[in-house]
Amino acid sequence: MKDFGNAVVYQIYPKSFQDSNGDGIGDLNGVISRLDYLKKLGVDYLWLTPVFRSPQKDNGYDVSDYYRIEPMFGTMADMDRLLAQCNARGIGVMLDMVFNHTSTDHIWFQKALAGEKEYEDYYIFKEGGPDRMPTNWESKFGGPAWEYVPSLGKWYLHLFDVTQADLNWDNPRVREELKNVIRFWKQKGVRGFRFDVVNLISKPAVFQDDYEGDGRRFYTDGPHVHEYLKELVRDTGISDMITVGEMSSTTPQHCVRYSNPEEKELSMCFQFHHLKVDYKNGDKWELMPPDRMQLKNLFERWQTLMQQQNGWNALFWCNHDQPRIVSRLGDEGTYWKQSAKMLAACTHLMRGTPYIYQGEELGMTNPHYRNITQYRDVESLNYYQILLKKGKSESEALAILDARSRDNGRTPMQWSDCVNAGFTDAAPWIELSGNYKTIHAQAQTDDEDSIFCFYQKLIALRKATEVISKGTIAFMEQENSDVLAFRRNYGTQELLVWNNLTAEEVTIPMQPSWTDYYRLLGNYEPQTETGKNIVLRPYETIVYANADLKIDHGAGIC
Ligand code: TEU
Ligand code: CA
């Protein structure tokens, strides 16, 4: 198993990245036209969210054919060209494998519905009368996790939308089918894979009601998950490729097993605990200001455990399911630029492989939609109804979506201040954020002080020193909820990082041994040293290095 500590991944949500043919929907040719921008940023891999044939009930996470490209995104020839163009620039493409479930439009499910027993066993069908659901589990998108099929007299499991039927991984034929999908894309020149909710694939032997929660404790990190992952990786020969599993509600112990190279499972995991620190009582649909102490504790706990047991995590704030981080933990107003840079320094300098989600490198914000008609996501539309049924007013429900909707991360990429931010010349499939006239790529790519340039510097820095990709991590200022601070060490090299998470000044005591350290990076003009203390300005990030950490400026910082 290779290590990917030196790599930086950029996530593209093709539907919202760049439209090339004037239908208001981003596509593969659009991605090709922006590769030089990504090369300039300096990323090593592009992760494309699903572009396979799909009825798009969940924007491609409902795959109806794993071997074909969804026409709205282009053709197989476009995909081949994208792979070649990326290859020419030294960028690898990672595809998104949605293997926990398929669309109910998939031929396998259609055959199951038509009564073919062999295909019924591809999914999780349970006997039961029309008014007796097999268990009381809930779908992650709201409502029950089971759907009744009258013609079969059976229920099928769908942990997500009713059109996303869970596959039966206990059936070896299913596992073979999915291996063939990997083999097909690998042979096409794809260089890595992201596995969607892959820790949910192994369901329990016995299905029982959950009186404590929504059922997740029975199928999360299930009984055979490690065995099935090992088999998939071994039989498809992808152990040296970059692979990342999306792990829903997981534990550090499981993530160590998923990602420790000796286990030969995956190169790294996504876990989401740090993105729930503003969920009241763990409920995504109840608002609460972020609990910074909890955020710090989670980072420390995960980073320390993964380090001790040789696990490896992806580092990220944003993706297509998350609201924009600058709107969430930063500041959209006065300290917009500083807070976006500080948040970048947090993820890029801890131990792990950083992921940048499209537009994050520009400090894109939530769009603040005011009307339910502006939302597109199935989860948001379902929950809007659920919230109203629970007694919330329309304006309360809209305020919750404004903070929590997955559409917050799905607004079109802001390329310029032209019509529709240069994303499309038609009506976009989802409305742009109103601030594209000021927040856009064109304004930032050649500005040394921009958020884009700061990301560029962080990426270049990772390549210029081993302390970031290989060093150990230890946390500082543990009692101080306002500052996320840590040190990284590699041999005799040391890097010190302080991040002020607040809009207030924070004073940190200076240790005598740090006086001969030099300031490597920051998001403010350097201030004159006071000697005894470091005063962090609002959302300031400061990175110090010791003399042994020499950066070759030619190769390093831009
Ligand atoms: O997401 C998994 C998932 O459970 C969450 O991100 C989910 O969207 C959120 O927690 C609900 O509150 C993955 C994909 O990233 C997502 O886009 C898909 O909708 C989902 O799986 C189903 O394939
Ligand atoms: Ca298009």
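Guide: A pocket, on a 1 Å grid over the protein atoms alone, is an open set of points where a 1.4 Å probe fits, with protein on both sides within 12 Å along at least five of seven lines. A molecule sits in one if more than half of its atoms lie within 2 Å of its grid points. Here the largest pocket is the space taken by ligand 1. This is a predicted model, in which local features need pLDDT of at least 70 and side-chain atom pairs count only at pLDDT 80 or more. Residues are numbered from 1 along each chain, and ligands from 1 in the order in which they are written.

Visitor: Which residues come nearest to ligand 1?

Guide: A residue is near a molecule if one of its heavy atoms lies within 4 Å of it. Of 17 such residues, Asp-58, Asp-196, Asp-321, Glu-379 and Arg-406 come nearest to ligand 1.

Visitor: What lies 2.5 Å from an oxygen atom of ligand 1?

Guide: A polar contact is a pair of N or O atoms within 3.5 Å. A polar side-chain atom of Asp-58 lies at 2.5 Å from a ligand 1 oxygen, and one of Glu-379 does too, at 2.5 Å.

Visitor: Which protein donors does the calcium ion (ligand 2) have?

Guide: Donors are N, O and S atoms within 2.8 Å of the metal, or 3.2 Å for Na, K and Ca; water is not among the atoms, so sites may look incomplete. For this ion they are Asp-19 (OD), Asn-21 (OD1), Asp-23 (OD), Ile-25 (O) and Asp-27 (OD), lying 2.3 Å from it.

Key:
Side-chain values use heavy atoms; hydrogens and water are left out. A polar contact is a pair of N or O atoms within 3.5 Å; within protein, one must be able to donate a hydrogen and the other to accept it, and residues adjacent in sequence count only if both atoms are side-chain atoms. On a 1 Å grid over the protein atoms alone, a cavity is a set of points where a 1.4 Å probe fits but cannot get out, and a pocket is an open set with protein on both sides within 12 Å along at least five of seven lines; lining residues have an atom within 4 Å of a point.
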